[in-house]
Structures are given as C-alpha cells and as structure tokens.
Amino acid sequence: MVAAVRVHKTGGPEVLTYEEVEIPAPGPGQIRIKQGASGVNFIDTYFRSGLYPAPTMPFVSGNESAGEVTAVGSGVTDLKVGDRVAVVAALGGYAAERVVPADRAVKLPDSIGDEQAAGMMLKGMTAEYLLQRTFKVEKGHNVLIHAAAGGVGLILGQWANHLGANVIGTVGTKEKGELAKANGYHHIIYYRDEDFVARVKDITKGALCEVVYDGVGADTFPASLDCIKPLGLFASFGSASGPIKAFDINLLQQKGSLFATRPTLNTYNAKRDALVKSANDLFKVVSSGAVKIAVDQKYALKDAQKAHRDLEGRKTTGSIILVP
Ligand SMILES: NC(=O)c1ccc[n+]([C@@H]2O[C@H](COP(=O)([O-])OP(=O)(O)OC[C@H]3O[C@@H](n4cnc5c(N)ncnc54)[C@H](OP(=O)(O)O)[C@@H]3O)[C@@H](O)[C@H]2O)c1
C-alpha cells in the first residue's frame with residue numbers, strides 16, 4: 001500500500017482524500033515509479049470538479065510526476081530499474097508510487113531533479129507546442145498571454161521572449177506583474193483594473209497581436225478577439241475562470257477573418273516521437289538558461305486540498321508541486 005490522494009466523488013477541494021492505495025506490479029509495456037514529486041496543474045481541478053469526466057471512480061488525482069523506475073513490465077526495452085523519468089499521463093499522479101505506460105515516460109537529464117521536473121513537464125511541453133506548433137512565434141510578433149504569472153504563463157513569457165516576440169501579459173496583482181516582468185514579459189496589463197483591449201491597442205500602436213494565448217477562458221472572452229490582427233490566431237487553451245460558452249462562428253469573420261483553436265497537450269504529444277521531441281526542446285531551453293522554472297509552492301502530498309484551494313483562489317505563482 002502507498003500514500004495517494006483519491007477522489008471518490010467529484011466536488012470542491014474537500015473531495016481530495018489522502019489515503020493508502022494498492023499499486024499493482026507493472027503489466028506488459030508498463031513501468032512502476034517511486035515518485036519524488038507530483039505536479040499540480042489546473043487540469044487537476046477540472047477532473048476533481050467533474051468539468052472533465054474521469055474514466056474511473058474513484059481515481060487518484062494528478063496528471064504529472066517524476067521519480068525513479070522501480071520495476072519494468074515485459075516488453076519494455078528502453079527503460080530499466082534505476083532510471084529517472086518524468087511522466088505526463090492522465091490521472092494517478094498524486095501518489096508516492098504509480099504504474100504508467102512506459103511510452104508516456106521520458107528519461108530526465110541528470111541536471112533536472114524530480115521536483116523541478118514535476119514543476120515543468122506538463123506546463124513546459126504545453127508552452128512548447130503552443131509557441132512552436134499551434135502558432136509559430138517569430139521575432140517581432142506581438143503576443144498576448146493571459147495569466148502571465150501562472151505556471152504555464154511564466155514559462156510561455158520567457159520562451160516567447162527567447163523567440164524574439166514582443167510579449168504582453170495580463171495579471172491579477174502588482175506582485176504578479178513584477179514577477180512576470182522578471183520572466184520575459186515586456187508589457188504588463190492589470191486586467192482586473194484596466195481595459196486590456198485598450199492597453200493592447202496602445203502598446204502595439206494599433207497593430208494588435210498575431211496570436212493570443214488564453215488559458216483564462218470565460219472572463220477574457222470575447223474581448224481577447226479584439227486584441228488580434230486580421231487573420232491572426234486565438235489559441236484558447238484553458239478555462240481557469242470557467243469554459244467559454246458556445247458562440248456564433250460569424251464573430252471570427254467580424255473580427256477580421258480570425259482563426260480560433262482549442263488545443264490540448266494530449267493531442268499534440270499523442271505520438272511517442274512528438275512527446276520525446278517536445279520534452280527535448282523543453283530540456284534545451286531550460287538547460288541553456290533561456291527558460292527558468294519557478295517552483296514557487298511546495299506542499300506535502302497530504303495537503304493537496306490546500307494546493308487546490310490556493311491555485312483556484314489565484315494565490316499561487318509559477319509551478320506547484322506535492323512531495324510524498
Ligand atoms: N490545453 C492544454 O494543453 C493545457 C495544458 C496545461 C495547462 N492548460 C491551461 O492553462 C491554464 C493555466 O494552467 P496552470 O496550471 O499554469 O494554472 P495557473 O496559470 O498557475 O493558475 C491559473 C491563473 O489563472 C488566473 N485566473 C483568472 N481568472 C481566474 C479565476 N476565476 N479562477 C482562478 N484563476 C483565475 C489567475 O491568475 P491572475 O490572478 O493573474 O489572474 C490564476 O493564478 C489553465 O487554464 C489550464 O487549464 C492547458
């Protein structure tokens with residue numbers, strides 16, 4: 001039996017239950033991992049609340065973790081006992097140990113510890129595909145990123161800056177604004193007090209943005225569309241304030257023949273080759289120092305409820321991890 005945080009019925013943070021669970025031996029194609037740290041991501045709150053349906057009930061919460069391989073199932077050839085790995089895979093993350101398909105694990109460089117890995121893989125590979133594949137950000141592009149001081153936001157800002165973009169971020173508080181400024185953002189907008197569309201127009205001298213990356217959802221829609229140049233892209237990658245309601249597609253025509261997408265990491269990294277390349281691109285920008293990973297909150301596994309309250313209460317910055 002190992003310590004884990006399970007959900008028996010969907011609801012608020014109080015449904016996260018710290019208890020002992022049975023972890024099986026790895027089956028064919030699987031590995032067992034003793035975890036050094038688990039990442040906390042906004043998606044964990046969607047599964048916990050029921051916004052995203054979980055495939056089983058009860059389920060162990062969490063979608064990201066890092067640790068050491070302690071057993072390998074038959075047919076696993078590229079990983080062995082003792083290897084250090086990180087895993088981004090749906091559910092099972094908040095536990096001292098877990099069993100996962102080996103093809104979802106990536107080997108970690110020695111320079112990246114378990115805690116840093118748990119704070120960067122899901123968020124960093126998200127930044128990778130958003131900036132390189134959903135839209136190819138290039139030197140001179142104007143880019144707007146909402147929730148700039150959050151886990152994904154701090155990585156996106158640094159990486160977009162590294163690519164040569166003019167990086168504009170929205171944040172909820174002055175402290176978050178300072179942090180975002182120290183992490184790649186050229187311009188900060190306080191979207192709780194300021195009209196962010198007017199500020200984007202001002203900052204870009206009316207040119208607007210090639211792309212808007214929006215993980216906030218309901219509260220920033222449809223205003224985000226008014227920040228985009230004709231033929232630009234609206235990348236709606238999350239719903240921290242709630243999901244965007246169904247809208248009339250003619251709106252995209254009215255706002256300048258815009259493109260809109262609702263991308264997800266699972267689709268972009270579904271194939272093993274894509275996962276490995278995405279992870280390697282992330283390791284490269286982190287090891288070069290272009291992107292620094294801020295693990296600003298660390299909680300004991302048993303305190304997962306507090307981690308979720310703080311995340312949903314907009315109290316956190318950068319990455320959050322749980323340690324067993
Ligand atoms: N599609 C994908 O592949 C993918 C992958 C990873 C993450 N995501 C999405 O990316 C977004 C960021 O994820 P994260 O884990 O890094 O979280 P996070 O950004 O660290 O936390 C969410 C932030 O959103 C802002 N926010 C605005 N309105 C909010 C509200 N009503 N309630 C709570 N927060 C609100 C807050 O910042 P301020 O106080 O500054 O407003 C808050 O700190 C989430 O929407 C997540 O679902 C998507």
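The model is predicted.

The protein has nine helices and 16 strands. Its radius of gyration is 20 Å, close to the 20 Å of the globule rule for 324 residues, so the protein is as compact as a globular protein of that length. The C-alpha trace spans about 60 × 40 × 35 Å along the principal axes.

Of the contacts with a separation of 6 or more, 68% join residues 24 or more positions apart. Of the 324 residues, 55% count as buried. The accessible surface comes to about 13800 Å², and carbon and sulfur atoms account for 53% of that area. The protein carries 36 positive and 33 negative charges, whose mean positions are 2 Å apart.

Now the rings. The structure holds six aromatic pairs. One of them joins phenylalanine 47 and tyrosine 52 edge-to-face, at 5.7 Å centre to centre and 85 degrees between the planes. Phenylalanine 47 is buried, because its relative accessible area of 11% is under 20%. Tyrosine 52 has a relative accessible area of 26% and is therefore partly exposed. Phe47 and Tyr52 also belong to one aromatic cluster with Phe42 and Tyr46.

Another pair, phenylalanine 221 and phenylalanine 247, is tilted: 4.9 Å centre to centre, 50 degrees between the planes. This pair links distant parts of the chain, 26 residues apart. Phenylalanine 221 lies in the loop between strand E12 (209–214) and strand E13 (228–236). Phenylalanine 247 lies in the loop between E13 and helix H6 (250–254). Phenylalanine 221 is buried at 15% relative accessible area, whereas phenylalanine 247 is partly exposed at 37%.

Technical notes: Residues numbered from 1 in each chain as written. Predicted model: local features only at pLDDT ≥ 70, side-chain atom pairs only at ≥ 80, totals over all residues. Heavy atoms only, no water. Helix = DSSP H or I, 4+ residues; strand = E, 2+ residues; numbered from the N terminus. Rg over C-alpha atoms; globule rule 2.2 N^0.38 Å. Buried < 20%, exposed > 50% of the residue type's maximum accessible area, 1.4 Å probe, protein only. Contact = heavy atoms within 4.5 Å. Areas by Shrake-Rupley, 256 points an atom, 1.4 Å probe, with all protein chains shown as cover. Lys, Arg positive; Asp, Glu negative; His and termini not counted. Charge placed at Lys NZ, Arg CZ, Asp CG, Glu CD. Phe/Tyr/Trp six-rings, centres within 6.5 Å; stacked < 30°, edge-to-face > 60°.
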